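Welcome, and please take a moment to look over the sequence and the model below. A guided walk through the fold follows.

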Amino acid sequence: SHMSSVHIVNQKNRTPGQVSFDRNELRILLNEYSRRVAAGEWRDYAIDFCKDRAVFSVFRHAAEHPLYSIEKFPKKGNRPERYAVSRGPQKLKQGQNLMDVLGAIKRRPKLVAIR
């Protein structure tokens, strides 16, 4: 994606104390993103670094609510780092493995032409 580099550069000037995605997490998220763009399912994304979480939001059209939000929650006390994927207010899945959590976003079935 032509936009990916811009977002990664921004990470260097983020405020300390914010939760962010590391390079590997970004690679996983952007790989999935570009596959979905190629399939015509997704169109844009945004990344937000907050005090208590980092959020990767996916959009089907510009200027609308995100289609999906993938959140990263940092370690806290003895609770391990974890990820969650939501569609609107509905949490689809959470867990400690990003790939696994992303698997909860089902691909749209391909339409097959019947001859």
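## A first look around

G103 is placed in the segment after α3. Helices (H or I, at least four residues) and strands (E, at least two) are DSSP runs, numbered from the N terminus. With a relative accessibility of 42%, G103 counts as partly exposed, where buried means under 20% relative accessible area, exposed over 50% and partly exposed in between, using a 1.4 Å probe and protein chains only. The C-alpha atoms of G103 and V85 are 9.5 Å apart, while 18 residues separate the two along the chain.

Please keep in mind that this is a predicted model, in which local features need pLDDT of at least 70 and side-chain atom pairs count only at pLDDT 80 or more, while totals for chains, interfaces and linings use all residues. Residues are numbered from 1 along each chain as its sequence is written, and side-chain values use heavy atoms, with hydrogens and water left out.

## The sheet

Let us turn to the strands. Strands of a sheet pair through backbone hydrogen bonds, either parallel or antiparallel. Here, five strands make an open sheet in the order β1-β2-β3-β4-β5, and the pairing is antiparallel. Two strands count as paired if DSSP finds at least two bridges between them. At the edges are β1 and β5 (90-95), each of which pairs on one side only. From one strand to the next, the twist averages 15°; axes are lines fitted to C-alpha atoms, for helices over the stretch in contact, and angles run from 0 to 180 degrees between N-to-C directions.

Follow β3 for a while. Five bridges hold β2 and β3 together in the antiparallel sense; across this pairing S57 stands opposite S69, and V58 stands opposite Y68. β3 and β4 also pair antiparallel over five bridges, with E71 opposite A84 in β4.

How many residues of β3 are buried? Six of its six residues are, which leaves β3 mostly covered. In a regular strand the side chains alternate between the two faces of the sheet. In β3, Y68, I70 and K72 point one way, S69, E71 and F73 point the other way, and all are buried.

Further on, β4 and β5 run antiparallel and are joined by five bridges, one of the bridge pairs being R87 with Q90 in β5. β4 and β5 form a hairpin with two residues between them, and G88 in the turn has a positive phi of about 60°. R82 places its charged end over the ring of F73, 4.4 Å from the ring centre; a charge sits over a ring if NZ of Lys or CZ of Arg is within 6 Å of the ring centre and within 35 degrees of the ring normal.

## The helix and the core

The helix α2 lies across β1, β2, β3 and β4, running at about 160° to β1. In soluble globular proteins, nonpolar side chains tend to be buried together. The largest nonpolar core has 24 residues, of which F21, F56 and I70 touch the most other members. Such a core is a set of buried Ala, Val, Leu, Ile, Met, Phe, Trp, Tyr and Cys residues joined through side-chain atoms within 4.5 Å. At least two core residues come from each of α2 (23-38), β1 (44-49), β2 (54-59), β3 (68-73), β4 (82-87) and α3 (98-102). The largest share, five residues, is supplied by α2.

Contact means heavy atoms within 4.5 Å.

## Aromatic partners

Rings of Phe, Tyr and Trp (its six-membered ring) pair if their centres lie within 6.5 Å; planes under 30 degrees apart count as stacked, over 60 as edge-to-face and the rest as tilted.

| Pair | Centre to centre | Angle between planes | Type |
|---|---|---|---|
| W42 and Y68 | 6.2 Å | 50° | tilted |
| Y45 and F56 | 5.2 Å | 15° | stacked |

W42 lies in the loop between α2 and β1 and Y68 in strand β3, so this pair ties together parts that are 26 residues apart in sequence. W42 is buried, with a relative accessible area of 4%, and Y68 is buried too, at 8% relative accessibility. The pair of Y45 in strand β1 and F56 in strand β2 links distant parts of the chain, 11 residues apart. Y45 and F56 are both buried. Ring pairs join Y33, W42, Y45, F56 and Y68 into a cluster.
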